[in-house]
Every structure is written in structure tokens, then in C-alpha cells.
Amino acid sequence: MQETKPFNISKWKVKEAYEKVKANKGTYGVDEQTIEDFEENLNNNLYKIWNRMSSGSYFPKPVRAVTIPKKNGGKRILGIPTIEDRIAQMVTKMYFEPCVEPIFYEDSYGYRPRKSAIQALEITRERCWRKDWVLEFDIKGLFDNIRHDYLIEMVKRHTKEKWIILYIKRWLVAPYQMEDGTIINRTSGTPQGGVISPVLANLFLHYVFDDFMTKQFPSIPWVRYADDGIAHCTSLKQAKYLQRMIEERFRKFGLELNLEKTRIVYCKDEDRKGNHEHISFDFLGYTFRPRQAKNKYGKYFTNFLPAISKKAKKAIRKEIRGWKMQLKSDKDLRDIANMFDRKIQGWINYYTHFYKSEIYDVLRYINSCLVKWVRRKYKKRSSRKRAEHWLGEIARRDKNLFAHWKFGILPSAG
């Protein structure tokens with residue numbers, strides 16, 4: 001006999017949601033259940049999620065709060081739902097996202113299908129050439145401060161499915177369980193780390209910022225990637241006025257500009273005379289500033305261009321140090337490559353789109369760490385010169401072993 005349930009949710013969607021959550025990897029929630037634990041009784045666990053969601057009896061567990069350091073110092077709380085809550089959120093996202101995607105604007109790039117940070121950087125670069133001024137803004141604690149009452153009204157505009165609204169409400173108020181076990185109730189925000197959170201944050205900012213900008217300031221192009229935004233202005237006066245208007249707008253919806261990270265920047269280049277206290281800004285791991293460029297006739301000139309930021313370089317170096325490569329003398333070179341090459345390739349893919357020579361020193365740093373590994377592993381090659389020579393010879397024979405070798409950054413063969 002066919003089971004009748006108050007809510008019509010497809011079992012196939014639950015299965016597909018599980019596949020997506022598994023592909024995203026991620027760690028355990030408050031129940032300490034890993035994806036491997038969940039899979040031990042997979043069909044039964046998936047059936048339970050479907051059954052509860054379809055009958056309206058699904059209630060999320062508290063969200064595991066993990067404190068992570070921010071790149072600029074300070075800390076942020078990442079909220080990690082349990083595996084089953086992530087699957088339930090993924091089911092909801094798969095039903096809800098297609099309802100809101102069509103209304104989102106072209107210039108909203110964060111966490112959207114077929115949109116990327118590189119596209120956001122590309123369009124920002126072009127617009128910096130066309131307009132002299134940039135207002136760079138950042139929203140203070142976006143994921144902690146989204147007002148639930150406004151957000152639920154926005155959700156209701158785009159779905160008539162009662163179960164979607166019901167479960168989004170439940171996720172919004174699911175408490176945090178801190179690292180010491182304390183339970184903290186939540187009255188605003190959507191956990192940074194939740195599967196449904198990016199769609200909800202985009203919906204909130206669509207009405208608070210994107211739609212407001214498009215209608216009130218149609219001549220000012222903007223780009224937004226989650227809580228980071230850029231607006232291109234024709235004058236300093238216009239940029240100052242816009243900042244005041246955005247601050248006022250955000251206040252109405254319970255948000256605040258992070259004034260430490262909000263600034264007006266003059267996009268100085270060869271043709272733009274005059275000066276301003278800020279002639280550079282950071283966006284998505286790149287620093288935009290005046291740089292030397294070469295035109296097609298081989299002539300050098302100053303252009304306003306992006307390249308990997310100092311902050312991003314520092315973070316990459318810190319991560320490489322954390323690998324403690326030199327202590328892995330029980331491994332051979334291929335093992336080391338297998339352990340770290342995907343990460344290196346990811347950095348190359350992301351940071352070489354613009355002004356790629358800026359990343360060379362970071363890639364050379366990887367070589368210097370490999371040299372330290374050689375010196376520890378092989379007594380005969382304990383001198384730096386010998387270690388460099390040996391590694392350089394291998395790199396010339398087998399450039400495909402490491403992504404940065406393939407890219408052309410080889411150790412010196414001495």
C-alpha cells in the first residue's frame with residue numbers, strides 16, 4: 001500500500017542529497033556521527049530522514065560550533081550540522097534554490113551554480129578600467145546577524161511549500177553547542193557551515209542590497225560575493241554618498257558595514273592624475289592596485305590590476321609550514337606529491353588568472369621545503385647544494401610529479 005504523507009518529498013531527492021553531502025566531505029556534528037558511520041546502515045538512515053521530513057516530524061539537532069581563526073586575526077564561529085541535518089538541508093536546497101535562482105542578479109557571484117570568484121574578479125578588473133573610484137565594502141558578521149523575521153517573509157515570497165518554510169524556521173533557531181558543551185540559543189543569523197545558509201544569505205542580500213542598488217542606483221555597477229562587495233563610482237563625492245546610503249539601508253535590516261574593511265579607493269593608473277589615501281583594495285584573495293603592464297607594442301605603462309594578495313600568500317605559506325614536510329622522511333617523493341599536489345594545483349588554478357608572476361615566490365617556497373625534506377631523508381645529500389641538485393635533476397626528468405614543476409617553477413639543479 002502507498003504511504004500517504006502530509007508533505008510530498010521524493011525519496012530519490014533524499015538519496016541524491018546524501019550523494020552531494022558525501023562529495024562535499026566535511027566533518028561530524030554534535031552526535032559525532034561521520035559519513036562512514038552513517039553509511040553502515042545507509043538505506044535505513046535515508047528512509048528515516050525521508051519519513052520524518054515527509055511527515056513533518058523532522059527536528060534538527062543542535063549545531064556544533066567550531067571556532068576558527070580569521071585570516072586578519074580574530075575568530076569566527078563555524079556551525080556544523082550533523083550528517084542527517086546536512087542531508088535534510090540539501091534536500092530543501094534542491095527544492096528551494098530553483099525557485100530563487102531566476103530572480104538573482106547577474107552580479108551576485110557567491111555560492112551560486114555556474115558562478116565563480118574568478119568571474120567576479122574578471123568583471124571587477126574591467127570596471128576598474130572604466131570608472132575611477134571604487135567603494136569596497138564588507139558586512140559585519142553577516143551569517144550571525146540576518147534577521148529571521150525578514151528572512152522568513154522573503155522565503156514565503158518564493159515558495160508555497162509549507163514544509164520548506166517549516167524546516168527553514170527550525171534550522172534558523174537550532175541552538176549552537178559550544179566546544180565545552182554549553183548550549184546557546186539563537187535568535188538571528190544562519191550558521192556559516194550549514195548547507196542551506198548560502199542560499200538564504202543570498203536571498204536576504206538580494207532584497208537588502210542587490211535589488212536596492214539595481215533600482216536606486218542603476219548607473220553604478222556593483223559585484224557581490226557573499227558578504228564582500230564592490231561598487232564602481234564616477235567620483236569621490238558619489239562614492240561617499242553611496243556609502244552613507246548603503247549604511248542606512250543595512251541598518252534598516254539589522255546589518256552593519258564593517259568600517260575597518262570598508263573603504264573608498266582611487267583606481268590610479270597611467271592616465272589618472274591626482275592622488276588619494278587609498279589606491280588599492282583586496283577582493284577574493286587578490287589585491288587590485290597600480291602595476292606595471294606591457295602593451296601589445298612592448299611598451300611598459302601603469303595599469304590598475306589584480307594579483308594574489310599578501311594576505312593570501314601569508315596564509316598559503318602558513319599552510320605549507322603546517323604540512324611539516326621535512327619530518328616526513330619515512331615517505332618517498334611520490335608519496336609527498338600524492339599528499340599535497342592537489343592543494344598546490346588548486347592554488348595555481350586560482351591565483352594565476354591575473355598577473356601570475358606574483359605567485360612564483362610562494363611556489364619557490366614549496367621547493368625550499370622539499371629541499372629540507374631531501375636533506376633530512378638522505379645522509380649523502382645533507383648539504384643544501386647536493387639536495388637542490390638531486391631534486392632539480394628529478395624535476396627535469398619528471399615535471400609532472402608536482403603541479404608547480406609542471407607550471408615551470410623548478411628547483412635549482414645547481
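# Exercises on a predicted model

At 0% relative accessibility, His-232 counts as buried. The model is a predicted one. Each exercise below has a task and a worked solution.

## Exercise 1: The setting of His-232

Task: Find the element that holds His-232, then list its contacts beyond the neighbours within four places in sequence.

Solution. 
- Step 1. Locate the residue. His-232 sits in strand S7, residues 228-233.
- Step 2. Apply the cut-off. Buried means under 20% relative accessible area. His-232 has 0%, so it is buried.
- Step 3. Set aside the neighbours within four places in sequence. His-232 then touches Thr-124, Arg-127, Cys-128, Lys-131, Trp-133, Val-134, Ile-220 and Pro-221.

## Exercise 2: Leu-242, buried or exposed?

Task: Decide whether Leu-242 is buried or exposed, and say what it touches.

Solution. 
- Step 1. Leu-242 belongs to helix H10, residues 236-252.
- Step 2. Its relative accessibility is 0%, so Leu-242 counts as buried.
- Step 3. Skip the neighbours within four places in sequence. The contacts of Leu-242 are Leu-135, Met-213, Phe-217, Ile-220, Ala-231 and Cys-233.
- Step 4. Leu-242 and Val-371 are 129 residues apart in sequence, and their C-alpha atoms are 52 Å apart in space.

## Exercise 3: Two helices, H12 and H13

Task: Work out how H12 and H13 are oriented to each other, and which classes of residue make the contact.

Solution. 
- Step 1. Two packed helices are described by the angle between their axes and the distance between the axes.
- Step 2. Read both values. H12 (residues 333-351) and H13 (residues 360-377) pack at about 170°, with axes 12 Å apart.
- Step 3. Angles over 145 degrees count as roughly antiparallel. H12 and H13 are therefore roughly antiparallel to each other.
- Step 4. Name the partners. H12 brings Leu-333, Ile-336, Ile-344 and Ile-348, while H13 brings Leu-363, Ile-366, Leu-370 and Trp-373.
- Step 5. Sort them by class. The contact of H12 with H13 has 8 nonpolar residues, no polar and no charged.

## Exercise 4: The span and cover of H13

Task: Check the span of H13 against 1.5 Å a residue, then find what covers its buried residues.

Solution. 
- Step 1. H13 has 18 residues, so at 1.5 Å a residue it should span 26 Å.
- Step 2. Compare. The end C-alpha atoms of H13 are 26 Å apart, which agrees.
- Step 3. List the buried residues of H13: Val-362, Leu-363, Tyr-365, Ile-366, Asn-367, Cys-369, Leu-370, Val-371, Trp-373 and Val-374.
- Step 4. Find the cover. It includes helix H11 (310-323), H12, helix H14 (384-397) and helix H15 (403-406).

## Exercise 5: Two helices, H7 and H9

Solution. 
- Step 1. H7 (residues 148-158) and H9 pack at an angle of about 95°, and their axes are 10 Å apart.
- Step 2. Angles of 65 to 115 degrees count as roughly perpendicular.
- Step 3. From H7 come Tyr-150, Leu-151, Met-154, Val-155, Arg-157 and His-158; from H9 come Leu-200, Leu-203, Phe-204, Tyr-207 and Val-208.
- Step 4. By class, the contact of H7 with H9 has 9 nonpolar, 1 polar and 1 charged residues.

## Exercise 6: An aromatic pair

Task: Describe the pair formed by Phe-137 and Phe-209.

Solution. 
- Step 1. Start with the count, which comes to 30 aromatic pairs.
- Step 2. Take the pair. Phe-137 and Phe-209 lie 4.9 Å centre to centre, with 55° between the planes, and the pair is tilted.
- Step 3. Phe-137 is in strand S3 (residues 133-138) and Phe-209 is in helix H9 (residues 197-216). The pair links distant parts of the chain, 72 residues apart.
- Step 4. Check the burial. Phe-137 has 1% relative accessibility, so it counts as buried. Phe-209 is buried as well, also at 1%.

Key. Residues numbered from 1 in each chain as written. Predicted model: local features only at pLDDT ≥ 70, side-chain atom pairs only at ≥ 80, totals over all residues. Heavy atoms only, no water. Axes fitted to C-alpha atoms, helices over the stretch in contact; angles between N-to-C directions. Helix = DSSP H or I, 4+ residues; strand = E, 2+ residues; numbered from the N terminus. Parallel < 35°, antiparallel > 145°, perpendicular 65-115°, else oblique. Contact = heavy atoms within 4.5 Å. Nonpolar A, V, L, I, M, F, W, Y, C, P; charged D, E, K, R; others polar. Expected span 1.5 Å × (residues − 1). Buried < 20%, exposed > 50% of the residue type's maximum accessible area, 1.4 Å probe, protein only. Phe/Tyr/Trp six-rings, centres within 6.5 Å; stacked < 30°, edge-to-face > 60°.
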